[in-house]
Amino acid sequence: MQHERVAAGSAPYRAPGDVFTGTARYYADFRPVYPAELIDVCVQFASAFPGRRVLDLATGTGAVAIALAERGGDVVAVDPSSEMLDEARRSAAERGVTNVDWQEGSSYGLPDFDDVGLVTIGDAFHWMIPRSDALAALDQRVVPDGAVALLSHRWPGHPKPSWDPFLNRVRARHLGPTLTAGPTGEVSRDEVGTQEDVFRNSAFSHLTKMTTDYTLNVTLDQLVNWQFSQAQTSIPVLGERRGAFEADLRATLRAWEPSERFEEISQAHLLLGRRPSARGGR
Ligand SMILES: C[S@@+](CC[C@H](N)C(=O)[O-])C[C@H]1O[C@@H](n2cnc3c(N)ncnc32)[C@H](O)[C@@H]1O
């Protein structure tokens, strides 16, 4: 079943820093990593701007920021959630990564810096309502031939993993048709237009796209814990429903796949937007 989404709207989320409350540890441990090819393209692009920083906006637990920093990037990583940033700092320290400047902020209020060659946004552009405002704010900060890159494990309109219908049915049974996120009960909003439409109507309208296959290979435990990393099925959102939700989810997935191993080829995507005047400049 498709969950209801609130009709196209353009109001910002009331508390963007709260949407992912309670997810950080699950996020860091159970979300798939981005394929190296996507990170490599970002590194290659950023290398055209020696001395400029890469801004990883909506860094969450730092998956993109840490991967870029490990390849030598000078990264500033921004997120509205202090919990997510704490987990990101912990992961970075564990991996010996020191060249990331972690800062609290959001698309609604970017910290004060302007020497950015590349902005990366991993699986988070849809939270920056209205998305056109987010790109307008970045237009003020990115150098003239710089770029904004979206990285995504899934792209709207592309096939979803085969277990998605089972997850959706379990979610609907326990949470009803309208999903909310975080303790403040934010509701996902659909905006008119695809990510590409939003870029085409922005300063960053010259697009480069890349899709790459990656293998998702997860156990039942991983798949279940992955759900607790989602804003709409976090432990705080589930509250007292957690036990029944988890039992139902395990039973449903086990009935579908008794081996408790789930493997699938999926596609990750990169959308890189530059200003038209920068086209052919290099
Ligand atoms: C799905 S997570 C993605 C984290 C990370 N980029 C990754 O790819 O693993 C979404 C993140 O967006 C952040 N977020 C939500 N609204 C935001 C906004 N308006 N501006 C910046 N970040 C936002 C959340 O706090 C959360 O950490």
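Visitor: How many residues surround the ligand?
Guide: Welcome! This is a predicted model, where local features need pLDDT of at least 70, side-chain atom pairs count only at pLDDT 80 or more, and totals for chains, interfaces and linings use all residues. Residues are numbered from 1 along each chain as its sequence is written. A residue is near a molecule if its C-beta atom, placed from the backbone, lies within 6 Å of it. Among the closest are Ala 58 and Trp 127, and the count of surrounding residues is 21.

Visitor: In which order do the seven strands of the open sheet stand?
Guide: Strands here are DSSP runs (E, at least two residues), numbered from the N terminus, while helices are runs of H or I with at least four residues. Two strands pair if DSSP finds at least two bridges between them. The pairing is mixed, and the order is S3-S2-S1-S4-S5-S9-S8.

Visitor: Which are the edge strands?
Guide: Look for strands that pair on one side only. These are strand S3 (100-104) and strand S8 (206-219).

Visitor: Which residue in S2 is the bridge partner of Leu 57?
Guide: Strand S1 (residues 53-57) pairs with strand S2 (residues 75-79) in the parallel sense, over four bridges. In S2, the partner of Leu 57 is Val 78.

Visitor: Which residues of helix H5 are buried?
Guide: A residue is buried if 20 or more other C-beta atoms, placed from the backbone, lie within 10 Å of its own. In helix H5 (residues 131-139), the buried ones are Arg 131, Ala 134, Leu 135 and Leu 138.

Terms used: A residue is buried if 20 or more other C-beta atoms lie within 10 Å of its own, exposed if 12 or fewer, and partly exposed in between; C-beta atoms are placed from the backbone.
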